[in-house]
Amino acid sequence: MKRAALLAGLAVVALAAIVLLRTARLQSRQVTPPPPRPIVFDTAAAASRLAEAIRVRTISREDGPAADSVFARLHATLAAAFPRTHVALSRERMGGSLLFTWPGTDPSRPPIILTGHLDVVPIDPASESRWTHPAFAGVVADGFIWGRGAIDDKGSVLAILEAIEALLVEGFAPARSVYLAFGHDEEISGLAGAKRLAAALAARGVRADWVLDEGGAITQGLVPGVSAPVAVVGIAEKGYVDVELVATDVGGHSSTPPAHTAIGRLARAINRIEERPFPARAAGATRALLEHAAPEMSLPYRIAFANLWLFQRPVLARFAEDQRSAAAVRTTTAVTVVSGGTKANVLPTEARAVVNFRTLPGDSAVAVIEAVRRAVDDSAVAVRALHEPSEASAVSSPDSEGYRAVAAAIRQTFPGTVVAPYLVIGATDARHYAGLTSTMLRFAPGFETDTTPPRAHGTDERVGVGEHAQAIRFYAQLIRDAAR
């Protein structure tokens, strides 16, 4: 008995020693860039130019993007705002989309591609009265640029163009070619915009070193145990598949109902799906986030994240407690559409639901659909994909030249910021460019906190005038260093 207790005690001591040793060996993965170089531009004028772009209502709705004539107005606005860019770079219009080419002086070096989108989501009519300034008025007031698209994504597009205009003023010429690909229908999947732009580049044999799209941001309070701001750079994004459930029955009069109507069968199927969430796991981009953030964490978190081999289960349980962090560690399930029945005294012959799944890299759409069928386990409920699924992306390396270039520009522009890779839980235009590069990155220099409501797609979307200026500095620093 004493021997067993002694052995158990020694095992605990050994385990504690391993945990502490692994924690002590953690080394920061943050890049140490050279001092930033200043870029000269007019902050107030840049704010006014973004405001003017916001006034053009390039709205994408479910039935399609705005008319080409609307985007032509925005194209003309950009041409007037950035005259040097439109002289030094070639510009091609592809419907409402734009493709700029800035030729490099060294054709042997692979190019880089910066992307963004020109379209915006509509305004919920019920929310219009709650906007401080009308959504498409393009007002600059109280230190902010107000309006739909200020964050998503005209802010990024204008910041890129401002950076290039300023670089041209100082006489900068890139060694490697730089492409700017601005789609016009990202908010409705990018099939006519980014997909067409990517196909055009592929047809020309373009193979990029890396591509940077929107996706990540600078966060505060969202990564546990890190008090400093954390800039998360997407190295992968989730896929999605909409699964349709259709329950059928013979119908009839409600006075003689079966044990379960079509609606009842559908409700039971939905309940079974929701009660069987996909398992959580820390892999790929999410694992990389934990590994890069761990050295910057306070001690209790650093111990746990440095020893995921031991603490993975409680760490995943903690992630699963919050719906935002839970989405980073599992394929998510969301019932989004339900319909059925025509009259109170008529048994429905059909009831329908749509369930949206956002899939982790490694979880295929086929596997998701099969899991749904097993969960439903009812031959009277048909299960099928509603449209062509979009698979989760490949995971880009955080050791790549592109990731390190983006991380360096972030730390130059926002000193003291921790940079970490992460998994983008939504969909971006980035997936359309995957065939052009092995390094697909997603980051735009906006700010998110754990205490403020999200502004993108929301009421009172706005960006700070100073924040927009910092975005311009970020892109100028990135282009100057990465393309030299």
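Reader: Which loop holds Asp153?
Author: This is a predicted model, in which local features need pLDDT of at least 70, side-chain atom pairs count only at pLDDT 80 or more, and totals for chains, interfaces and linings use all residues. Residues are numbered from 1 along each chain as its sequence is written, and side-chain values use heavy atoms, with hydrogens and water left out. Helices (H or I, at least four residues) and strands (E, at least two) are DSSP runs numbered from the N terminus. On that scheme, Asp153 sits in the loop between β5 (144-146) and α5.

Reader: Where is the non-glycine residue Ser189, with its positive phi, found?
Author: Ser189 is not a glycine, yet its phi is positive, at about 95°. Its place in the chain is the loop between β6 (178-183) and α6 (194-203).

Reader: Coming back to α5, are α2 and α5 parallel, antiparallel, perpendicular or oblique to each other?
Author: Axes are lines fitted to C-alpha atoms, for helices over the stretch in contact, and angles run from 0 to 180 degrees between N-to-C directions. The axes of α2 (residues 43-54) and α5 come within 10 Å and cross at roughly 135°. Angles under 35 degrees count as roughly parallel, over 145 as roughly antiparallel, 65 to 115 as roughly perpendicular and the rest as oblique. α2 and α5 are therefore oblique.

Reader: How many charged residues are in the contact of α2 with α5?
Author: Contact means heavy atoms within 4.5 Å, and here Ala46, Arg49, Leu50, Ala53 and Ile54 of α2 meet Lys154, Gly155, Leu158 and Glu162 of α5. Sorted by class (Ala, Val, Leu, Ile, Met, Phe, Trp, Tyr, Cys and Pro nonpolar; Asp, Glu, Lys and Arg charged; the others, Gly among them, polar), they give 5 nonpolar, 1 polar and, for the charged class, 3.

Reader: Which elements give two or more residues to the lining of the largest cavity?
Author: On a 1 Å grid over the protein atoms alone, a cavity is a set of points where a 1.4 Å probe fits but cannot get out, and lining residues have an atom within 4 Å of a point. The class makeup of this lining is 5 nonpolar, 2 polar and 2 charged. The lining is made by Leu114, Thr115, Ser156, Ile160, Leu212, Asp213, Glu214, Phe443 and Tyr475. The elements giving two or more are β3 (112-117), α5 (154-169) and β7 (210-213).

Reader: How are α7 and α12 set, oblique or parallel?
Author: α7 (residues 262-274) packs against α12 (residues 365-376) with the axes 8 Å apart and an angle of about 120°. That angle makes the pair oblique.

Reader: How many charged residues does the contact of α7 with α12 have?
Author: From α7 come Ala269, Arg272 and Ile273, which meet Val372, Ala375 and Val376 of α12. The contact divides into 5 nonpolar, no polar and, on the charged side, 1.

Reader: Is the crossing of α13 and α14 left-handed or right-handed?
Author: The axes of α13 (residues 401-413) and α14 (residues 465-482) come within 9 Å and cross at roughly 135°, and the two helices are therefore oblique. A crossing is left-handed if the near helix is turned anticlockwise from the far one by less than a right angle, and right-handed if clockwise. For α13 and α14 the crossing is right-handed.

Methods:
On a 1 Å grid over the protein atoms alone, a cavity is a set of points where a 1.4 Å probe fits but cannot get out, and a pocket is an open set with protein on both sides within 12 Å along at least five of seven lines; lining residues have an atom within 4 Å of a point.
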